[in-house]
Amino acid sequence: MADKTYNITFGGTGGQGILKAAEICGWAAMYAGYHVKKSEVHGMAQRGGSVESHIRFGKKIFSPLVQQGGADILLCFHPEEHDRLKSFLKADGKDLMEYLEKAKAAIENPRHLNTFLVGVLSAYLPIKPDCWQKAIEAVFKKKYVEENKGVFLKGREMGQL
Amino acid sequence: MSKKALLSGDEALAFGAYEAGLKVACAYPGTPSTEILETLATFPELDVQWSVNEKVAYEVALGAAISGVRSLFACKHVGLNVAMDPLMTSSYTGILAGFVVVVCDDPGMHSSQNEQDTRWVSIYAKLPMLEPASPREAKEYVKQAFEISEKFDTPVILRMTTRVAHTKEDVTLGDRVVPQQPPFERNIAKYVMVPGNAYGRHIFVEQRLNKLKALSEKTKFNRIEPGDKKIGFITSGVSYQYLKETYPDASYLKLGMTYPFCDDKIRAFAKTVKKLYVVEELDPFLEEHIKSLGLKCHAKDPSFRIGELLPELMPAVVKGEVKHEIKAVTRKPRLCPDCPHWATFATLKKLDFYVAGDIGCYTLACLPPTSALHSCLCMGAGVTFNEGWRKGAPDKKIVGVVGDSTFVHSGITGLINAAYNKAKGVIFILDNSTTAMTGGQQHPATGLTIRNEPTKKLILEDLCRACGADNVDVIDPKNRAEFDALVEKRINEDALSVIISRHPCKLLRQ
């Protein structure tokens with residue numbers, strides 16, 4: 001288990017599956033033995049508004065929010081939301097924006113975008129594959145688990161290239 | 001090995017209450033508190049309900065506690081306003097089995113109409129208050145809240161904020177332990193609050209406060225974390241978490257039981273540090289009390305009483321700087337494409353009505369370019385503002401709108417009032433057959449319970465007729481021409497009319 005604290009900011013618009021994506025990541029970090037905090041905002045945001053979620057994991061986490069300029073990784077599902085949230089990224093942080101269009105092109109079902117991008121993200125995090133698999137089992141309804149595992153792996157392959 | 005789960009503050013609280021032997025839970029949905037009841041409803045052995053409104057929920061849950069089972073009421077901050085009547089006197093009656101009042105405040109108004117700070121209620125109602133700062137604490141504190149409730153014969157307020165309620169954390173789950181049930185007995189002196197009895201109970205309440213203060217002094221929930229003696233923070237809730245990121249080496253007095261105040265502990269902590277800071281979200285609740293003790297402390301500039309605190313704001317808050325307002329560029333929520341409310345509001349806009357609004361998804365019709373909703377105050381005021389506005393502006397074309405769930409919550413009494421007092425006009429019940437804004441919860445007019453079990457269905461059209469409406473029409477607003485014609489007809493009549501604009505929310509699961 002790494003000593004470092006990992007900070008990830010997710011962003012997009014209501015209905016894109018941002019919270020689900022962050023949820024998978026949170027469960028995976030938990031299964032990997034980290035202390036995890038994940039923040040999100042519900043309610044009105046669901047009506048097409050901006051949605052963001054922050055995940056922080058490490059040995060001991062206090063704030064559930066990533067600070068401006070504190071994100072190791074930024075994962076956005078929408079270019080305009082990316083413009084809004086890029087101030088969260090550390091100077092040497094990893095911006096996964098380059099994968100958005102590639103991911104859209106790689107998936108058949110648009111509903112799979114979130115799981116695919118989590119697959120990409122997984123390639124940048126010190127969390128073992130079995131933790132991700134368990135996280136997908138925890139987050140999705142049984143009948144969607146297998147297809148999401150497949151989508152996740154394709155995303156992970158793209159992230160590892 | 002014990003089981004772990006990634007739970008929100010709401011969910012963790014629900015698991016904690018379940019493990020503490022909770023039996024009855026009541027609420028009306030309200031962001032950010034909704035998931036507490038939704039989680040509790042997944043445990044089949046619990047008696048869990050969406051109540052008609054918060055007042056009803058509070059009374060049912062309190063009644064259950066007085067009958068001998070551990071009970072819980074949950075609401076958002078503005079929901080507590082609706083339940084204030086029973087809450088104030090329940091401080092006098094006390095309980096038999098444990099009773100916890102969970103309130104979720106919404107600093108920053110992510111999904112609310114104001115930023116009221118519930119901590120003041122604990123002083124006003126003379127009730128103890130716990131403030132967890134994380135989901136793990138929410139689970140631990142709710143268990144303790146039941147113990148305090150029973151030991152001190154009091155409802156216990158458990159206050160969270162959006163950033164605690166909607167933060168998820170890895171939490172360890174435990175077993176459910178149901179305490180032995182005390183027998184339900186008649187106790188007129190305790191439960192009949194006529195003046196003579198209430199006087200005696202008020203004496204009890206004041207004595208109870210002294211005992212609770214002693215608890216506040218010794219509880220581990222009010223924790224001193226010694227560190228650098230130069231800087232000491234007194235803080236609570238999520239502010240503690242933000243401070244620890246920025247000032248990891250400072251000394252802390254982290255308050256988890258924020259009322260009654262632990263004056264001795266506060267004084268003792270103040271003596272150990274060179275500079276004392278009070279950091280809290282919203283109102284100067286701790287600050288004013290600590291200053292009243294004659295202690296010198298630094299606190300945030302009043303500009304930071306508005307909106308939520310964020311981790312990156314901590315240095316400015318601590319230094320007492322004025323808040324630098326940054327214009328939010330977030331994408332604003334709007335009604336879904338194809339939402340039935342669009343059709344209703346197209347007509348209201350075309351006819352240039354003054355529209356008294358209410359609380360729900362349809363409040364978003366106030367946004368440009370529609371701009372066809374002209375007030376949003378509280379639950380039910382869409383009905384009563386129609387009546388009020390007509391008094392000063394009889395020449396204007398005034399209507400009221402209210403959602404189906406909101407009408408059942410607080411609109412019915414307003415409609416009866418309008419009929420009784422000979423008010424006229426058209427009230428639209430925007431019936432999308434769900435509580436949409438909070439994520440689609442059931443209510444009496446959907447005919448389904450919180451667990452989606454069939455139940456008696458409230459027939460809104462029958463109810464409106466019984467309330468005294470002269471005309472009650474049910475119509476699908478998507479039949480545009482027919483809808484327009486009906487609205488034009490009703491607005492020109494000297495009558496009190498209800499138009500139930502009925503089309504199910506498109507987000508409803510088929």
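Two residues are in contact if their C-beta atoms, placed from the backbone, lie within 7 Å. The views below show a predicted model.

**View 1. Contact between chain A and chain B.** Chain A contributes 27 residues to the contact, and chain B contributes 29 residues. On chain B, the side that touches chain A draws at least two residues from each of strand E1 (4-8), strand E8 (167-172) and helix H11 (237-246). Sorted by class, this side of chain B comprises 11 charged, 11 nonpolar and seven polar residues.

**View 2. Strand pairing of E2 of chain A with E8(B).** Strand E2 of chain A, residues 35-40, is joined to E8(B) by three bridges. The two strands run antiparallel. A:Lys38 has B:Lys168 in E8(B) as its bridge partner.

**View 3. Packing of helices H3(A) and H4(A).** Two packed helices are described by the angle between their axes and the distance between the axes. In chain A, helix H3 (residues 99-106) packs with helix H4 (residues 113-122) at an angle of about 125°, and their axes are 10 Å apart. H3(A) and H4(A) are therefore oblique to each other. The crossing in which H3(A) passes H4(A) is right-handed.

**View 4. Residues in the contact of H3(A) with H4(A).** From H3(A), the contact is made by A:Tyr99, A:Ala103, A:Lys104 and A:Ala106. From H4(A), the residues are A:Leu113, A:Phe116, A:Leu117 and A:Val120. By class, the contact of H3(A) with H4(A) holds seven nonpolar residues and one charged residue, with no polar residues.

Definitions and conventions. Residues are numbered from 1 along each chain as its sequence is written. Chains are lettered from A and ligands numbered from 1 in the order in which they are written. This is a predicted model: local features need pLDDT of at least 70, side-chain atom pairs count only at pLDDT 80 or more; totals for chains, interfaces and linings use all residues. Helices (H or I, at least four residues) and strands (E, at least two) are DSSP runs, numbered from the N terminus. Ala, Val, Leu, Ile, Met, Phe, Trp, Tyr, Cys and Pro count as nonpolar, Asp, Glu, Lys and Arg as charged, and the others, Gly among them, as polar. Two strands pair if DSSP finds at least two bridges between them. Axes are lines fitted to C-alpha atoms, for helices over the stretch in contact, and angles run from 0 to 180 degrees between N-to-C directions. Angles under 35 degrees count as roughly parallel, over 145 as roughly antiparallel, 65 to 115 as roughly perpendicular and the rest as oblique. A crossing is left-handed if the near helix is turned anticlockwise from the far one by less than a right angle, and right-handed if clockwise.
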